[in-house]
Amino acid sequence: MFAHAVMRALRKNKTLRYGVPTLLLIVGGSFGLREFSQIRYDAVKIKIDPELEKKLKMNKVSLESEYEKIKDSTFDDWKNIRGPRPWEDPDLLQGQNLEIRNTKTT
C-alpha cells in the first residue's frame with residue numbers, strides 16, 4: 001500500500017516527470033556532440049597517400065587559369081534556349097521540329 005502511494009506521488013511530480021529527462025537529454029547530448037566533433041579532428045590527422053597527394057596538386061584548377069581560358073572568347077553569337085518542363089516535349093523546345101511546333105501553336 002505504501003509503495004503504491006509513493007509511485008503515484010512520483011508520477012504526479014512534474015520535476016521528476018519532465019525536468020530529469022530534459023536534463024539527461026541536455027547532458028547526454030553534450031557528450032554525444034563531443035564524440036561526433038572528435039571524429040572530425042581525427043579525420044584530419046589521417047595521412048594521404050603520397051601518390052594521390054601529387055595527383056591532387058597537379059590537377060589543381062585556379063580561378064585565374066579558368067579566366068585565361070574564356071578571356072578571349074566572344075559571347076555575341078550565343079542563343080538562349082529554355083529547357084523543357086516535365087510535361088513538354090524537349091524536341092519541340094529545342095527547335096528541332098519547327099514545323100510540328102508551328103502546327104501546334106496555330
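**View 1. Glu-35 and Arg-34 join their side chains in a salt bridge, at 3.6 Å from N to O.** A salt bridge here is a side-chain nitrogen of Lys or Arg within 4 Å of a carboxyl oxygen of Asp or Glu. This is a predicted model, in which local features need pLDDT of at least 70 and side-chain atom pairs count only at pLDDT 80 or more, while totals for chains, interfaces and linings use all residues. Residues are numbered from 1 along each chain as its sequence is written, and side-chain values use heavy atoms, with hydrogens and water left out. Glu-35 is partly exposed at 47% relative accessible area, and Arg-34 is partly exposed too, at 48%. (Buried means under 20% relative accessible area, exposed over 50% and partly exposed in between, with a 1.4 Å probe and protein chains only.) The structure holds four salt bridges.

**View 2. In helix α4 (residues 63-70), Lys-69 and Glu-66 sit three residues apart.** That spacing puts about one helical turn between Lys-69 and Glu-66, and their side chains meet in a salt bridge of 3.2 Å, N to O. Lys-69 is exposed, at 60%, whereas Glu-66 is partly exposed, at 33%. Helices (H or I, at least four residues) and strands (E, at least two) are DSSP runs, numbered from the N terminus.

**View 3. Lys-71 and Glu-68 form a salt bridge of 3.2 Å, N to O.** Lys-71 has 40% relative accessibility and counts as partly exposed. Glu-68 is partly exposed as well, at 45%.

**View 4. Arg-8, Arg-11, Lys-12 and Arg-17 gather in a positive patch on the surface.** Patches are made of residues with over 30% relative accessible area and no salt bridge, joining like charges within 9 Å and nonpolar side chains (Val, Leu, Ile, Met, Phe, Trp, Tyr) within 5 Å. Helix α1 (residues 2-12) gives the largest share of this patch, three residues. Arg-8 lies in helix α1 and is partly exposed, at 47%.

**View 5. Six helices and zero strands make up the elements of the chain.** Here pLDDT is the predictor's confidence in each residue, from 0 to 100. The chain has a mean pLDDT of 80, with 87% of its residues at 70 or more. Of the 106 residues in the chain, 1% are buried.

Technical notes. Areas by Shrake-Rupley, 256 points an atom, 1.4 Å probe, with all protein chains shown as cover. Lys, Arg positive; Asp, Glu negative; His and termini not counted. Charge placed at Lys NZ, Arg CZ, Asp CG, Glu CD.
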